[in-house]
Amino acid sequence: MINQLRLYTINPDLRDEFLARFEKHAARIMRDKYGFNILAMWLSGESARLRFIYLLSWTDKTAMNNSWAEFMADEEWRTIKKQFWETTPEPVLSIEDIVLEAAGFSSPL
């Protein structure tokens, strides 16, 4: 079992648009089509740097990599992003991805 921490720096002016797109589309597609196990989601709202953070759980790195590849190639997700960009600038400024493996003396989540 491994966990994955995803940290998105978001344009604060597009916060609501990003959250709606993630909740209604990205999270749904991730869970329903590709077996993403999203454990929790947070906002870290420092005034100069808005971040959306979520924690995923995977059986192993192969499952993680395969699911991400399938999600990124998903035609529905590509269409949603394309339609979004027609009216709204991309809200995600950067993404940090951290794979977390439990230390030998720690219990995994």
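# Close-up views of a predicted model

**View 1. The lining of the largest pocket divides into eleven nonpolar, no polar and four charged residues.** Here Ala, Val, Leu, Ile, Met, Phe, Trp, Tyr, Cys and Pro count as nonpolar, Asp, Glu, Lys and Arg as charged, and the others, Gly among them, as polar. A pocket, on a 1 Å grid over the protein atoms alone, is an open set of points where a 1.4 Å probe fits, with protein on both sides within 12 Å along at least five of seven lines; lining residues have an atom within 4 Å of a point. This pocket holds about 190 Å³ of space, a volume being the space filled by probe spheres set on the points, with grid points joined across faces, edges and corners. Which residues lie nearest the centre of the largest pocket? They are Tyr8, Arg21, Trp77, Lys81 and Ile95, out of 15 lining residues. Helix H1 (15-34) gives the most to the lining, with five residues.

This is a predicted model, in which local features need pLDDT of at least 70 and side-chain atom pairs count only at pLDDT 80 or more, while totals for chains, interfaces and linings use all residues. Residues are numbered from 1 along each chain as its sequence is written, and side-chain values use heavy atoms, leaving out hydrogens and water.

**View 2. The protein has three helices and four strands.** Helices (H or I, at least four residues) and strands (E, at least two) are DSSP runs, numbered from the N terminus. The C-alpha trace spans about 50 × 35 × 20 Å along its principal axes.

**View 3. Four strands form an open sheet in the order S2-S3-S1-S4, with antiparallel pairing.** S2 (37-46) and S4 are the edge strands, each pairing on one side only. Two strands pair if DSSP finds at least two bridges between them. From one strand to the next, the twist averages 15°. H1 packs on the sheet and touches S1, S2, S3 and S4, its direction making about 170° with that of S2. Axes are lines fitted to C-alpha atoms, for helices over the stretch in contact, and angles run from 0 to 180 degrees between N-to-C directions.

**View 4. Strand S3 (residues 49-58) is joined to S2 by nine bridges.** S1 and S3 also pair over nine bridges, in the antiparallel sense. Of the ten residues of S3, nine are buried. Buried means under 20% relative accessible area, exposed over 50%, and partly exposed in between (1.4 Å probe, protein chains only).

**View 5. Thr9 is found in strand S1 (residues 2-10).** Is Thr9 buried or exposed? Thr9 is buried, because its relative accessible area is 11%. Contact means heavy atoms within 4.5 Å. Leaving aside neighbours within four places in sequence, the contacts of Thr9 are Arg49, Leu50, Arg51, Pro91, Val92, Leu93 and Ser94.

**View 6. Leu100 lies in strand S4.** Leu100 is partly exposed, with a relative accessible area of 35%. Its contacts, again setting aside neighbours within four places in sequence, are Ile2, Asn3, Leu5 and Leu55. Leu100 and Met1 are 99 residues apart in sequence, yet 9.4 Å apart in space, C-alpha to C-alpha.
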